[in-house]
Each structure stands twice: as structure tokens, then as C-alpha cells.
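Hello,

Here is the structure for you to look over. My notes on it follow below.

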Amino acid sequence: MDLVHGDLKTLIRKIAFPASIGWIFNTLFNVVDTYYAGHLDTLALAGLALSFPIFFIIIATGSGIGTGTTALLSNAHGAGDEEKGQVIVCNAIVLAGVFSLAITLSGLIFSQSILQALGVSGGALSYGVSYLHVLFAGSGFFVFNATINAMLVSKGNTKPYRNFLVIGFFMNLILDPLFMLGWFGLPRMGTAGIALATILIQFFGSNYLIRQLKKEAQHPFHGFCLKNVTWQRQREILAQGIPASLNMMTIAIGFFVINRYVLLYGGDIAMAAYGAAIRIEQVALLPTLGLNIATLSLVGQNFGAQNPARVRDIYRLSLRYAVTMMTLGMIVVYPLAPRLVALFNDTPQVIAIGSQFLRIEVIAFNTYVLMGISNSVLQGLKRPKMIFFIGITRQFILPMIVFPFLGGTRSMGVLGVWWGIVLITWTAAIFSIFYTLRTMRKVLTN
């Protein structure tokens, strides 16, 4: 696929559509987990929701290494330097291994303490710890899959990862109840069974993606060699990947902060409602995630090929597509909010609070795509540092000011958290766009 000279509208569709389909099934995968946990009992649903920010650390690390790999490989491909591409691949694999080990050990040691520090106790704590311990034991598969996929995405190939995520979703439909409920004589594992199903599916994905990578005749991965592993190359990947990874970790921090104030103002019922509603929001956002991937690949290669006008066109076109899709999502979610929440839990209070959140949160839907596309452009231009600072401000600094002000000082309770999210995300999105445009003017005119 020629990302430097091909028609942009066609290229965006060819890259974004398979990626979006894959992410739809990936989130549906998580929806299945939430569905089964909700039918186990309300505390299991709350435990899973409270565990998600900790689990997100795994996703953030894998995504960071993957994003850094994609950015550098895309630049190398655009510049026609395939030898450098092979060196980047070797170093990315080593980094994935080192970080996988660190995540596994840290998660097994500290996950329970983190949940307790967040105020989680009783049945929700037990469910959350059981889920996280199994998940962290197999966390390396998440990181390796993200890294391998990055190598494919750097050439615009998003189909293998899509195939894995689609197959994984259908596998999860069977494996979740098999382990959670103890079908066919297996022990009843509860939330630990949900995590075990996830790990087995990720293991399958690792094997599948490696086979697909080997089929890429033009891909720089012609065999792994330790002699290509140098601190300089790893530092280049980390320079691109750490801001992206930290940005995603700020999302985990944001969940921690939101969970804290939701529990403070609404208790376990509000937490269960938020856990169900956030899954619905994620599904609505999914079609645009493929655009983020397409934007990064296209900007990376065209920046490497020194084609500034085309980079500007990619940003404008991607933003137009993203806003159009999210506006349609707003129109669908608002009237159907109660029915969507009821899919996860039929408790009237959960449905009422979850619907309230969704009908306020739709106002912020477009902010996430504006920031996502802008972040992808900054990654492709190898200028990712501001991404983290925007993230930490949006996810931690402003929430710690706005939530207690609206929820406590203004006596809005959990409603203050919902409106606080809207106010904060719009502020961050506007700043992100202005900063990206400023960076483009500076970088692309030098």
C-alpha cells in the first residue's frame, strides 16, 4: 500500500475501516466481560469496573511501545530506509520483553494494595483482586501483541489485528462462562475465570500475529538479531513511546479519580452504573479509533517523505471524518441510554444513574476524537511530548479541582462529576487542536 502517493480518502478508508472493526470487537470483548460480571452479581460488576484503571496500565504500556514503533517505522518506510526499519523492529521486541516482565511482577505485588488505597473493600475487593492477579500473570501477551501489530500498521496493514480481535470476541463468548461459571465440571472461578479467558485469547493472538508478520515480504522483520539492539535505538523508541504510554496511563489515573468521586458521592450503585455506562461510551467511540491509527501511519510516512502539504490534508480530512461519526453516535446514544444500560444490569437505580451519565456525556463525545486525531499527528511528526502534559492536566489536575468544587462545594453530588468531565474534556480538546496546528506550522515549514 503506497501511503505517500495514493489517494488520501481511499487510504484512510483502507487503513481505518479494518482497524475500527477490530476495535469494535475488542470493546465488545470487554462488554462481554462486563455482561457476565453483572450477571454474577452487582459487586462483581463494581469490582471489574474498579479494576479497569489498573488493568489499563498494561494497555498503556503496550500501546506506548507500539505507538513509538509505528511512528519510527513509518518515518523509515517513508524515507525508504528499510535497514533502519529492521533495527527498530529488533529493539522494539527487546523493549516489549523487558516491560512485560516489569508489569507482571509489579501487578502481582501491588494490585491489591492499590485497590485498597482507592477505598475498595469487601466483595468488590475480592472480585477485583481475583481478576487482576490472573490478568497480570499473562500481561506479556498484551504488550507483545501491541508491538507486533505496530510493525504491521507502519505499512498500513490493519487487517491481521482486526481478524484476531474478531475471532477473540467469539472465543470470549464461550470461554467467559466456561471458566467463570465452571461449565463441564471445571471449577467455578468467578472473575478470575473472566481474566483467564482473556489471557488464553491473547496467547492465541500472539501466535497468529507472528505468523502474519512473517508473511509480510516487504516488512523489515527478516529475523531477530541481538547485534542490532542498542541503547540509542531503544531510546528513540522510548522517546516516542513514553509520552504516548504516559498519556494512556493518565487515562487510568483519570479513571481512578473519577471512581474515587463517584464512590464518594454515589456509592457502589453509582459505581456499577458508571462501569456499565462507560462501556457503552467506548462502543460509541470505536469507529473513530481506526482513524487515529490511519492518521499516525499516513502522517508518519509522509513526514518521512518530506511532504508537508499532504500532512496538512491528512489532519483536516481525518478530523472531518471523526467529527461526523461521533455526531452520529451522539444522536444514537442519547435516546437509547436507559435500554443500553439495562443490557448490563437491570437494577432500576443503576439504569437511572447510568442513563443520566450517558445523556450528559454525549456532549463530550467529539472532544475525544479531536484529541485522538491531534495526538496521532503529533506522534507522526515525532513531537509527542505535549501529549502527556495535556493528558495529566485533563485526567488529574483539573478533575481534582473541578470535581470537589461541583460535587461538594456546589452540592451537585455525582452530577457534578458528570458535568465536570464535559467541562474538562472540552477545555483539553480546544487546547490540543491549537497546539497541534502551531506545531505543524513550525515543523512543516522548517
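Start just after α3, where Gly-119 takes a positive phi of about 90°. This is a predicted model: local features need pLDDT of at least 70, side-chain atom pairs count only at pLDDT 80 or more, and totals for chains, interfaces and linings use all residues. Residues are numbered from 1 along each chain as its sequence is written, and side-chain values use heavy atoms, without hydrogens and water. Helices are DSSP runs (H or I, at least four residues), numbered from the N terminus.

α3 also bends by about 50° at Phe-110. The bend is the angle between axes fitted to the seven residues ending there and the seven starting there.

Next, the helix pair. The axes of α3 (residues 82-117) and α4 (residues 122-137) come within 8 Å and cross at roughly 170°. α3 is therefore roughly antiparallel to α4 (over 145 degrees). Axes here are lines fitted to C-alpha atoms over the stretch in contact, with angles from 0 to 180 degrees between N-to-C directions. In the contact (heavy atoms within 4.5 Å), residues of α3 including Ile-103, Gly-107 and Leu-108 meet residues of α4, among them Leu-125, Gly-128 and Phe-136. The contact residues divide into eight nonpolar, seven polar and no charged.

Last, the cavities. The structure holds three of 30 Å³ or more. A cavity is a set of points on a 1 Å grid where a 1.4 Å probe fits but cannot get out; lining residues have an atom within 4 Å of a point. α8 gives the largest share, seven residues.

Best wishes

Notes:
Helices (H or I, at least four residues) and strands (E, at least two) are DSSP runs, numbered from the N terminus. Angles under 35 degrees count as roughly parallel, over 145 as roughly antiparallel, 65 to 115 as roughly perpendicular and the rest as oblique. Ala, Val, Leu, Ile, Met, Phe, Trp, Tyr, Cys and Pro count as nonpolar, Asp, Glu, Lys and Arg as charged, and the others, Gly among them, as polar. On a 1 Å grid over the protein atoms alone, a cavity is a set of points where a 1.4 Å probe fits but cannot get out, and a pocket is an open set with protein on both sides within 12 Å along at least five of seven lines; lining residues have an atom within 4 Å of a point. Grid points are joined across faces, edges and corners, and a volume is the space filled by probe spheres set on the points.
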